[in-house]
Amino acid sequence: VLQAIREQVMDANFECASAAADCLAHYMSYPSNMEHQAVTTASWTPVFIVRLEQCLKAIQGDKSKWKQWYAVAAPCTKALCKLVENNERALEQIMSTTAQMDTFLSTILGLLHIITAYESNSDSRFNDWVEETAVYGARILHSTVDENPELTDRINGSAQFTAAEAWTQLLTKLPTLAKIHVCGSIVNMFQASPAPWQDALLVQHVILNLTQGLLSVQPEHLQSLEHNYVEAVNLRKSQKEDEELEGEIVRKIDERKEPARIIARRQKEADRSSKPMIEDTKDGDQAMDEAISAWSSTILPLQVTLEVTANLTSCFVEEDDGMEHDGPRHDRTMIHQALVSARLAESLMKTLQTLCAYQNSRVDVAKEQEALSDDLQECTSKCSACITNCVLSQVLEHSNYEASWHVLRPLALSAGVSSVLVVLTQRGLPLPAQDSDVVQQLLHSPNEDSQRNGVSLLAIILNDPQASPQIVVEATQELLNVLKQGGSLAKVEALNATMDLWGQDDYHPDIFESQQILATFQATLASLSTNKNLDSEAEEVLFNA
């Protein structure tokens, strides 16, 4: 059946080809682990590329048939995107020959370039197809150049693919989400195989797009979107209840042969007494689709922006081993300075404050809103990771550490924020004495990552040569409490901290004896040794312990 549908992708009938591509795109949204299916679906890759190449040539020619060709191009780009994201063999098909790589690149980039000249019109369906082609086309490029120096070198080595003006058009005139994916493509290429043409685009356009994307989300807008979502949920629930009520009426008519009008009147009067009337002239399922689409159109660009920002800032994080990279190093000073000048770290701080403020304002969150909560949690965690990279890469300058601490301190229990606090203190910011309660909050949090970061802050307090004996005793007692009662991750971190501290011959031997640290250490090690769910890093700590 799948092979038969695949053959229809090349059909001369536009509606048939579009429907076939849409079927395959839906099918590939649920990837299979079976090898034979991976081989089968990967073989469709050249089919979609050839069909998209036909679409491109047709769109470049007869404008009167643009709508029909975009109706085919949109599901084909979606299907190809699902293929390259979910099936490694699909990428192998693209990379099989230089000719295939060139055809792929010229087709995808060609479609994106021609969309930059498209002007939106009153035909909403036509506009949707064009935007879908742009977004999925840019997403394909973003995915295929990820950790792919061979494809990146193919782009770097061709004047056809590196024209600054053409890339500038993509970074300024495509739809918002497509622009961010293009930014991600350039960042991925910069990571895989840096070249001078990328530098200019990063400095002039990519960083600007990312900064604007970070500041685009406002709490009031999120609140409005979630309110519409909740209303749609209630509307659909109400309509489902009405359908059940109608079914009950029909059943009772059959059972009692009572007139439908009497049963309906009695049932509705009883029902009105238990729930308010809801205006349900709109279809509940349609309202849900619209509410989810509106939420996604706001939150998805932010998620992708944060992913791209994390990748870009990670390029400047110092290597822990201090070793030089093999081969000639690319001078990244100009780009690093551009990140500092654009005040990227400050934009990330504002975004994090916005997300946390909105999350804290949400009350009585229903089960139906859990998907929205997960989206917000993911954005908060990614934003924290970006700020951590800014600290490690010195995009956030040392002179701003103290101000950053005061911004982040009230948000300590939000996803990922405690990691930033740890990095700030590890990089030289003295832990403010008046903020010792932050450590307590983290240690007693139900979240194991927060507990672990609380242990890291405890270790910093214990490592401070200026700490008084009383502070050392109190911090040691907190550390021992974690060893006895903390979560597994926190216990592993506490074992590591204990080894680092008391592995030194002259580190408070009196406290080591009086607090019976060795006995607690041994008991914790014994309890963790039976845990089969620890990762390799934790297992290494246990081995050392």
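The questions and answers below go through a predicted model of one protein chain.

Me: How many helices and how many strands does the chain have?
Reply: The C-alpha trace of this predicted chain spans about 85 × 80 × 45 Å along its principal axes. As for secondary structure, the count is 27 helices and zero strands.

Me: What share of the residues is buried?
Reply: A residue counts as buried when its relative accessible area is under 20%. The chain has 545 residues, and the buried share of them is 46%.

Me: What percentage of the contacts with a separation of 6 or more comes from residues 24 or more positions apart?
Reply: A contact here means heavy atoms within 4.5 Å. Among contacts in the chain with a separation of 6 or more, the part from residues 24 or more positions apart is 74%.

Me: How far apart are the mean positions of the positive and negative charges?
Reply: The chain carries 41 positive and 76 negative charges.

Me: Which helix gives the most to the negative patch?
Reply: The negative surface patch is made of Glu-243, Glu-244, Glu-246, Asp-283 and Asp-289. Glu-244 counts as exposed because its relative accessibility is 59%, and this residue is found in helix H13. With three residues, the top contributor to the patch is helix H13, residues 219-256.

Me: Is His-142 buried or exposed?
Reply: His-142 is found in helix H8, which covers residues 124-144. Leaving out residues up to four places away in sequence, His-142 touches His-181, Gly-184, Ser-185, Asn-188, Val-304 and Val-308. Its relative accessibility is 13%, so His-142 counts as buried.

Me: What is the distance between the closest N and O atoms in the salt bridge of Asp-123 with Lys-67?
Reply: Side chains of opposite charge can pair when their charged atoms come close. The structure holds 14 salt bridges, and one joins Asp-123 to Lys-67 with a closest N and O distance of 2.7 Å.

Me: How many residues apart are Asp-123 and Lys-67?
Reply: In the salt bridge between Asp-123 and Lys-67, Asp-123 sits in the loop between helix H7 (98-115) and H8, and Lys-67 in helix H5, residues 66-86. Asp-123 is partly exposed at a relative accessible area of 24%, and Lys-67 is partly exposed at 34%.

Me: Which residue meets Arg-362 in a salt bridge?
Reply: Arg-362 is buried, with a relative accessible area of 16%. The partner's side chain meets that of Arg-362 at 2.6 Å, N to O. That partner lies in helix H13, 136 residues from Arg-362, and counts as buried because its relative accessibility is 5%. The residue is Glu-226.

Me: Where is Lys-382, the salt-bridge partner of Glu-307?
Reply: The side chains of Glu-307 and Lys-382 meet at 2.5 Å, N to O. The two are 75 residues apart, with Glu-307 in helix H15 (residues 284-314) and Lys-382 in helix H18. Glu-307 counts as partly exposed at 36% relative accessibility, whereas Lys-382 counts as buried at 17%. The place of Lys-382 is helix H18.

Me: Which residue is linked with Glu-307 and Lys-382 in a network of salt bridges?
Reply: Glu-307 and Lys-382 form a salt bridge. In the network that links these two with a further residue, the other member is Glu-378.

Me: How far apart in space are Gln-485 and Asp-500?
Reply: Gln-485 is in helix H23, residues 469-485, and counts as exposed because its relative accessibility is 67%. Gln-485 and Asp-500 are 15 residues apart in sequence, and their C-alpha to C-alpha distance is 20 Å.

Me: What is the phi value of Glu-147?
Reply: Glu-147 is in the loop between H8 and helix H9 (149-156). At 73% relative accessibility, Glu-147 counts as exposed. Its phi is positive, in a residue other than glycine, and is near 50°.

Conventions
Residues numbered from 1 in each chain as written. Predicted model: local features only at pLDDT ≥ 70, side-chain atom pairs only at ≥ 80, totals over all residues. Heavy atoms only, no water. Patch = residues over 30% accessible without salt bridge, like charges linked within 9 Å, V, L, I, M, F, W, Y side chains within 5 Å. Areas by Shrake-Rupley, 256 points an atom, 1.4 Å probe, with all protein chains shown as cover. Salt bridge = Lys/Arg side-chain N within 4 Å of Asp/Glu carboxyl O. Lys, Arg positive; Asp, Glu negative; His and termini not counted. Charge placed at Lys NZ, Arg CZ, Asp CG, Glu CD. Helix = DSSP H or I, 4+ residues; strand = E, 2+ residues; numbered from the N terminus. Buried < 20%, exposed > 50% of the residue type's maximum accessible area, 1.4 Å probe, protein only.
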